Amino acid sequence: MSARAGIGYDSHRLVEGRRLVLGGVEIADAERGLIGHSDADVLAHAVIDALLGAAGLGDIGQHFPDTDERYRDADSMLLLSEVCTFLDDHGWRVCHVDATVIAEAPKLSPHRDAIRLSLAEAAGLAPLCVNVKFSTNEGMGFIGRGEGMAAHAVASLERAD
C-alpha cells in the first residue's frame, strides 16, 4: 500500500498554575494550562498518534511513556520531530495533517497561523500541508464545563520510495 491515513486523539485536564501550549505555541492569554507528564500539548499529541497510526507503528504512549522521566515536561514539538524522523526511517513521508482542538476558552483562532507554522516546522512540512481548526463543545461534558481540552487529528502518509 503506497498511501495511508491515521487518526489521533488526546485530552488533558485544565489546571491553575500551568502554561497552555497548543501545537508548540504558548497561549499567553490563557488563565489555565493543561496538565500532563510532558508539556500536555493535546494538539501535538493527537497529531503524533495520527502519524504513528497511519504508519502502523504504535502510539505516543509506546514511544514516549509517561513512566519515563526523560519525557517529564518534554517539549512536544521535539517529540513530533522525532516521530517524523522515525517515520522517514521506516520509509514514510508525511503528506498532510488536519486537526481540531476542542475547548471552551480561551479564544484560539487568533493563534491559528502561529500554531500551523509551528506544527509544519516540527514535522518538516510546508504550512499548506497542515490545517488546524478550533471548536467548542457547546457547554457539554468535561470540555463544556471548562475542565479540559481535547484534540482530534488525521494524518496522511505516502511511501517515500
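**Salt bridges and the sheet**

Guide: Arginine 19 is partly exposed, with a relative accessible area of 48%; buried means under 20%, exposed over 50% and partly exposed in between, using a 1.4 Å probe and protein chains only. This is a predicted model, in which local features need pLDDT of at least 70 and side-chain atom pairs count only at pLDDT 80 or more, while totals for chains, interfaces and linings use all residues. Residues are numbered from 1 along each chain as its sequence is written, and side-chain values use heavy atoms, with hydrogens and water left out.

The side chain of arginine 19 meets that of glutamate 26 in a salt bridge, 3.3 Å from N to O. The term requires a side-chain nitrogen of Lys or Arg within 4 Å of a carboxyl oxygen of Asp or Glu. Glutamate 26 is also partly exposed, at 44% relative accessibility. Over the whole structure, seven salt bridges are found. Another of them joins glutamate 147 and arginine 145, whose closest N and O atoms are 2.7 Å apart. Here glutamate 147 is partly exposed at 37%, whereas arginine 145 counts as exposed at 54%.

A further salt bridge, between lysine 133 and aspartate 98, has an N to O distance of 2.7 Å. Lysine 133 lies in strand S6 and aspartate 98 in strand S5, so this pair ties together parts that are 35 residues apart in sequence. Strands are DSSP runs of E with at least two residues, numbered from the N terminus. Both partners are partly exposed: lysine 133 has a relative accessible area of 31%, and aspartate 98 one of 26%.

Five strands form an open sheet in the order S4-S1-S7-S5-S6, with mixed pairing; two strands pair if DSSP finds at least two bridges between them. At the edges are S4 (33-34) and S6 (130-135), each pairing on one side only. S5 and S6 pair in the parallel sense over six bridges, and in S6 the bridge partner of aspartate 98 is asparagine 131. On to S7: ten bridges join S5 (residues 92-102) to S7 in the antiparallel sense, with arginine 93 opposite glutamate 158 in S7. S7 (residues 148-159) is also antiparallel to S1, over eleven bridges. Tyrosine 9 has histidine 152 in S7 as its bridge partner.

Aspartate 10 is found in S1 (residues 3-15). The side chain of aspartate 10 does make a polar contact of 3.0 Å with that of histidine 45. Such a contact is a pair of N or O atoms within 3.5 Å; within protein, one must be able to donate a hydrogen and the other to accept it, and residues adjacent in sequence count only if both atoms are side-chain atoms. Leaving aside neighbours within four places in sequence, the residues in contact with aspartate 10 (heavy atoms within 4.5 Å) include Asp41, Val42, Met149 and Ala150.

Notes. Helix = DSSP H or I, 4+ residues; strand = E, 2+ residues; numbered from the N terminus.
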